[in-house]
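Here is a short tour for anyone who likes to check side chains and backbone angles by eye. Please open the model and keep the viewer at hand as you read.

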Amino acid sequence: MKKYTKIKDISNLNETIKEAILLKINPFEFQDLGKHKTLVMLFFNASLRTRLSTEKAAKNLGMDVMVLNVNDAWQLEFEDGTVMYANTSEHIKEAAQVISQYADIIAVRAFPALTDKAKDQSEYILKSFEKFATVPIVNMESATAHPLQALADAITITELAEKPKPKVVLSWAPHPKALPQAVANSFVEMMRNLEVDFTITHPEGYELDKNITKETPINYNQKEALKDADFVYVKNWSNFNDYGKVLNRDENWMMTKDKLGNAKFMHCLPVRRNIVVEDAVLDSENSVVIKQANNRTYAAQIVLKQILEGLL
Ligand SMILES: NCCC[C@H](NC(=O)CCC(=O)O)C(=O)O
Ligand SMILES: NC(=O)OP(=O)(O)O
């Protein structure tokens, strides 16, 4: 693997999921692969899981890890040809090349600003690193995608499925803040590549990017969509059409024990209790969010392993 910025960078998804599950049995099997190799993780935004699970994954492979909260460094300029008279002190052209000299792999987290759709959709931060860095790039959640999360979600569903083609539902939930579409986008793309019966439910007008959902069934009636579900993935996203707006706070969309029935509850975390999902769900046996978060380590580890093998 040359990089992991999107799900399509995985050449054999089913094989990769299987290998990730095997890593759990002996996480240190490939501890020599990353010897004298360094992962630099750059965070433009907050993180708990991604930061710790990716570091753990790298260390399981014997890598050294350096973490930089980008807000502690010089403010980066991404525009070409700018007269840098304002607040930005360093251009991505120098920064990416410099970091590449300290790193064998660079992982980047950079959320969208949710104010300028075209700018967010251009993925200019991630793309600039891809363009100017001289080492492989890993996406730790960008403006439009969270492929490491989606891989962990696929591992979780594969491990816990009790039938060959489980029914999976992505259900929108209310949230006080405007959140990215990234997690939902990558989950949709991943489900479209797995052997599952997949449906999306959200309030009318909350359609995700049609280039991603394609012909996935969308049902505006949550109760109907949830019928006979085996896995329910709950997530808020802000409006994609009226870009970045919160147009609906309808608490009737919150996931409850009643609505969930016997299905397994999934969420990428962090989750706002009793807004997105009620306590009774999160505190029940049906919730698999802690297992999901554990699988972030093995998702990151299989990705780093395949990239390291590509460096040999
Ligand atoms: N990486 C996992 C999710 C990150 C982000 N959630 C958040 O920002 C939630 C913040 C809050 O609840 O205040 C998102 O939805 O993309
Ligand atoms: N799910 C996830 O990416 O969590 P963090 O934002 O804490 O990394």
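Is Lys245 buried, partly exposed or exposed? Lys245 is partly exposed, with a relative accessible area of 42%. Keep in mind throughout that this is a predicted model.

## Lys245 and its partner

Lys245 takes part in a salt bridge with Asp242, and the closest N and O atoms of the two are 3.7 Å apart. Asp242 is partly exposed too, its relative accessible area being 38%. In general, side chains of opposite charge can pair when their charged atoms come close.

## The wider set of salt bridges

How many salt bridges does the structure hold? There are 17 salt bridges in the structure. One of them links Glu130 to Lys3, with 3.9 Å between the closest N and O atoms. Glu130 belongs to helix H5 (residues 124-132), while Lys3 sits in the segment before helix H1 (13-23), so this pair ties together parts that are 127 residues apart in sequence. Glu130 has a relative accessible area of 27% and is therefore partly exposed.

Lys305 and Glu19 form another salt bridge, their closest N and O atoms lying 3.9 Å apart. Because Lys305 is in helix H12 (residues 289-311) and Glu19 in helix H1, parts that are 286 residues apart in sequence are tied together by the pair. Lys305 is buried at 7% relative accessible area, whereas Glu19 is partly exposed at 27%.

## Overall build

Let us step back to the whole chain. The protein contains 12 helices and 11 strands. Its C-alpha atoms fill a box of roughly 55 × 50 × 35 Å along the principal axes. For 312 residues, a compact globule would have a radius of gyration near 20 Å, and the protein agrees with that, at 20 Å.

Of the 312 residues, 56% count as buried. Among contacts with a separation of 6 or more, 76% come from residues 24 or more positions apart. The accessible surface comes to about 14800 Å², and carbon and sulfur atoms hold 49% of that area. As for charge, there are 38 positive and 41 negative side chains, and the centres of the two sets lie 1 Å apart.

## Two buried loop residues

Where does His202 lie? You will find His202 in the loop between strand S8 (197-201) and helix H8 (210-213). Its relative accessibility is 1%, so His202 counts as buried. Leaving out residues up to four places away in sequence, His202 touches Trp172, Glu207, Ile218, Asn219, Tyr220, Trp237 and Trp253.

Val276 is buried, with a relative accessible area of 2%. Which residues does Val276 contact, its neighbours within four places in sequence left aside? They are Ala173, Pro174, His175, Val234, Met254, Met255, His267 and Val271.

## Backbone angles to check

Most residues other than glycine have a negative phi, and most peptide bonds are trans. Against that background, a few places deserve a look.

Leu269 and Pro270 are joined by a cis peptide bond, with omega at about 5°. Pro270 lies in the loop between S11 and H11. Asn274 is placed in the loop between S11 and H11 as well, and has a positive phi of about 65° although it is not a glycine. Asn274 is partly exposed, with 41% relative accessible area.

Glu123 is a further non-glycine residue with a positive phi, here near 55°. Glu123 is located in the loop between helix H4 (117-121) and H5. Is Glu123 buried or exposed? Glu123 is buried, at a relative accessible area of 10%.

Note on methods:
Residues numbered from 1 in each chain as written. Chains lettered and ligands numbered in written order. Predicted model: local features only at pLDDT ≥ 70, side-chain atom pairs only at ≥ 80, totals over all residues. Heavy atoms only, no water. Salt bridge = Lys/Arg side-chain N within 4 Å of Asp/Glu carboxyl O. Helix = DSSP H or I, 4+ residues; strand = E, 2+ residues; numbered from the N terminus. Buried < 20%, exposed > 50% of the residue type's maximum accessible area, 1.4 Å probe, protein only. Rg over C-alpha atoms; globule rule 2.2 N^0.38 Å. Contact = heavy atoms within 4.5 Å. Areas by Shrake-Rupley, 256 points an atom, 1.4 Å probe, with all protein chains shown as cover. Lys, Arg positive; Asp, Glu negative; His and termini not counted. Charge placed at Lys NZ, Arg CZ, Asp CG, Glu CD.
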